[in-house]
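User: I would like to learn how to read a few local features of a protein model. Please go through them one at a time.

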Amino acid sequence: MPETTPKGLTGLAFGGDYNPEQWPESVWTEDVRLMREAGVSMVSVGIFSWALLEPAPGTYDFGWLDRVLDLLHANGIRVDLGTPTVVPPVWFFRAHPEALPVTADGRRYEFGSRGAICHSNADYRAAAANITTRLAERYADHPALALWHVHNEYGVPVSACYCDSCAAHFRRWLAAEYGTVDAVNEAWGTAFWGQRYGGFDEINPPRLTPTVGNPAQALDYKRFADATIRENFRAERDILHRLSPGVPVTTNFMTALSQCDSIDYWAWGREVDLVTNDHYLITDGRRTHVNLAMAADLTRSVAGGAPWLLLEHSTSGVNWQPRNPAKTPGQMARNSLAHVARGSEGAMFFQWRQSRRGAEKFHSAMLPHGGTDTRVWREVVGLGASLDALREIRSTRTVADVAVLWDWHSWWAQNLEWRPSEDHDARERADAFYEALYDRHLTVDFAHPEADLSAYPLVVVPALYLMTEAAGRNLTRYVEGGGTLLVSYFSGVVDEHDAVHEGACPGALRDVLGLTVEEFAPLLEGDTVRVTGPDGTGLAADVWTEFVVPRGAETVWTYADGPAAGRPAVTRHRLGEGTAWYVSTRLGADGLDAVLARAGEDARVPARPDLPRDVEVVRRAGGSGSYLFVINHTGTDAKVPLDTPGTELLTGESAAGRIEVPAGAVRVVRLDG
Ligand code: GLA
Ligand code: ZN
């Protein structure tokens, strides 16, 4: 069994990407002195250094990296060592121009940025294996080495390549998946628009077509692209396992950022020794701490509930969004500790020292251009001390209340073209349901639709358009066994090949929901409808309505107007020991809360009315004890009741009856007993 925690790291991880190659060596000694001052325990090194490590084919220069690792080791700082395979040197591309990826419309990218790689290219694969082998041979026994960091953020900025090598690779992949070309024709429904293939050699990637291409082909290409990138991760990982046993291998995920929707992290979570994640606040005016919590919950879930590590976030603003606000005082610590509350074994950043040159010079860092006499630096030092005070929470696990189903394949399928309404966005519904659960102070585990759900009193299905028959049976079993299910519209519609399930919609769910949907009746842009509830109260909805026909389900909310006026809007179905709810329209936050309140009663999940909005309360528990994290995202002081007395770890004060958390602050209580 490979190791799953960074070797030799005794506390929580605190540090960041360290790019000493951007600086003269005289700066390095100041770097490590300041790292020690801030309490840095681990840094990520060498992620983009291939051109420096192998300046010409077969010529290596490890001297500088030796000196960096020795210096870090001498100062007690552990190293997360990168394989630099995300940016091959320019000499490689001049010798192998076909290793640069090609877009769906046939244009080839040029060298000069990062991540421009055709993952099917045999020369790239050989070169990546070679540099990985050289690094592993040289550093396997280096005393600073704690963790291997393969590549960087697989899946971005190029999620798929459409070149001829990829076409050949796709055909091999299809042959292995389907066996015969007839099976492909059947699965892709190529009888439609006369797309029938006579042999695998006739099949290409879904390149530029004049109108919509075959959706099942497009979906399979996403699966193929993800599997291809994963093959390359595995190849590097296996080299590292062989040459560097005892050191865990990771690659940094981006689980909940919609910037990266091309990776099936359920599959990737099973491949890494330690799940690590990068998270950046998307500052488009939403409550950024909610997306952060969602990312952390999703990351923990792809890690199977085990501890994971936040490998990158920012101390303040980033530089790649249209507008990049600075974090407010205290926000960096709140962000960091919110990840820790939800299972991260520390908080790492991009990057240690802010660059002077290159594309990321306006991205914040732990050590800003202004040096140590800056607010960011003082907050970094403070965070180092806080993480040190929390070190005993290591290896404990976050305790969840409910589950939300999540499936990248369904998301890919939902985003294909020609749907009933382009205003419906599966990701938007997932965010909205997550936010509604967050506002009810329920901690969420994400789960694959075919996973065992019996541990959860409530399972929410925000928008799962693609659902296999096995997933449908899984949900039926879950409800019959006593679970409460809450499903949003346009779920369970198609199978794994984007084919509509046989019979009335929603094929995978009609039995468990006790209804059929006769027609989708999406609304025109800007139109809204009202739905009327049990006590006569109305809720607003938009984007989507349906003609729902109950077949066993009872109607709880009814459309008051719009195309579905008089028909059921929200239904409830008793089945076996459990209950299945269905929401056939896009409710706003109030509406979702009202439905969740009712479903929550069926599920007997705690209501928690005494917790203030935007005060996050999350528990981690395990061998060393039970810890309550209270994160106050508001501008006013908050009081949170404590069932059990305990000791607050950041202030050292004892707490009983309730814990007071100043505006913008975090408190972590070790509960007695
Ligand atoms: C990503 C990358 C880093 C850096 C940051 C900036 O997470 O992995 O190298 O570019 O973004 O936010
Ligand atoms: Zn390619």
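User: Is Arg 608 buried, partly exposed or exposed?

Analyst: This is a predicted model. Buried means under 20% relative accessible area and exposed means over 50%, with partly exposed in between. Arg 608 has 28% relative accessibility, so it counts as partly exposed. Arg 604, at 74%, counts as exposed.

User: Which residue does a cis peptide bond join to Phe 350?

Analyst: Most peptide bonds are trans. The bond joining Phe 350 and Gln 351 is cis, with omega about -5°. Gln 351 sits in the loop between β9 (344-349) and α12 (375-389). The bond from Val 156 to Pro 157 is cis too, with omega near -5°, and Pro 157 belongs to the loop between β4 and α6.

User: Which residues coordinate the zinc ion (ligand 2)?

Analyst: The SG atoms of Cys 118, Cys 161, Cys 163 and Cys 166 do, at 2.2 to 2.3 Å. Cys 118 is in the loop between α4 (90-95) and α5 (122-139) and Cys 161 in the loop between β4 (145-150) and α6 (164-178), so this pair ties together parts 43 residues apart in sequence. Both Cys 118 and Cys 161 are buried.

User: Why is the arrangement around the zinc ion (ligand 2) tetrahedral?

Analyst: Four donors count as tetrahedral if all angles lie between 85 and 135 degrees. Here the four donor atoms subtend angles of 100 to 118°, which makes the arrangement tetrahedral.

Note on methods
Residues numbered from 1 in each chain as written. Chains lettered and ligands numbered in written order. Predicted model: local features only at pLDDT ≥ 70, side-chain atom pairs only at ≥ 80, totals over all residues. Heavy atoms only, no water. Donors = N, O, S within 2.8 Å, 3.2 Å for Na, K, Ca; no water. Tetrahedral: all angles 85-135°; square planar, octahedral: opposite > 155°, others 65-115°. Helix = DSSP H or I, 4+ residues; strand = E, 2+ residues; numbered from the N terminus. Buried < 20%, exposed > 50% of the residue type's maximum accessible area, 1.4 Å probe, protein only.
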